[in-house]
Amino acid sequence: MKKTVITALLALVSIVGMNASFAAIGYVDYGKVSTDYALAKKYTAELDKKVNAIKAYTTAQDKKILAAKTDAEKKAIGTESMKQLKIKQQDYITTRTRYENDLTAKVVAAAEKVRVAKKLDIIIKKDSRVTGGVDCTLDVLNALK
């Protein structure tokens, strides 16, 4: 009896193992998607503008502080500058998060369409794989258009 149960369990494990070894896995190169997808390019350009505006603002405020005549004036400019800088930084963070969430949702939806069309079990990020898999990057980019 024990021998029959053990044999049945071993057979089941080997069948499950065989099925798992034939899983169809695809991958997406997110780096390529971020450089080739028009919306990602647009979002990156907008975020770069915000970063450059923050840099320009801090440079201008530093000049104002240097030009101030009294310590009280320097302190007032510095205090106001810090307040405005925090607002600009928070705007940047909020915008970046919104853009990242939007892009992620679009890429995931496109990847799901590709996964179903190619009859894959899963699509992962290229960076997560060690070797093998089906490159679905171009298919995902086409689905995003």
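Me: Over which residues does pLDDT stay under 50?

Reply: This is a predicted model, and pLDDT is the predictor's confidence in each residue. Over residues 4-20 the score stays under 50, and for that stretch the model has zero contacts beyond four places in sequence. The chain averages a pLDDT of 87, with 85% of the residues at 70 or above.

Me: Which strands pair with β1, and in what sense?

Reply: Look for the bridges between strands. Strand β1 (residues 25-28) pairs with strand β2 (residues 122-125) through four bridges in the parallel sense. β1 also runs parallel to strand β3 (residues 134-135), joined by two bridges. Follow Y27 as an example: I124 stands opposite Y27 in β2, and D135 is the bridge partner of Y27 in β3.

Me: Which residues of helix α5 are buried, and why do they lie on the same side?

Reply: An α-helix has 3.6 residues a turn, so residues three or four places apart point the same way. In α5 (residues 137-144), the buried residues are T137, V140, L141 and L144. They cover an arc of only 100° around the axis, so they are on the same side of α5.

Me: What do the buried residues of α5 pack against?

Reply: They pack against β1, α2 (30-36), α4 (71-117) and β3.

Me: Where is K119, and is this residue buried or exposed?

Reply: K119 sits in the loop between α4 and β2. Its relative accessibility is 70%, so K119 counts as exposed. K119 also has a positive phi of about 55°, although this residue is not a glycine.

Definitions and conventions: Residues are numbered from 1 along each chain as its sequence is written. This is a predicted model: local features need pLDDT of at least 70, side-chain atom pairs count only at pLDDT 80 or more; totals for chains, interfaces and linings use all residues. Side-chain values use heavy atoms; hydrogens and water are left out. pLDDT is the predictor's confidence in each residue, from 0 to 100. Contact means heavy atoms within 4.5 Å. Two strands pair if DSSP finds at least two bridges between them. Buried means under 20% relative accessible area, exposed over 50%, partly exposed in between (1.4 Å probe, protein chains only). The arc is that of the directions from the helix axis to the C-beta atoms.
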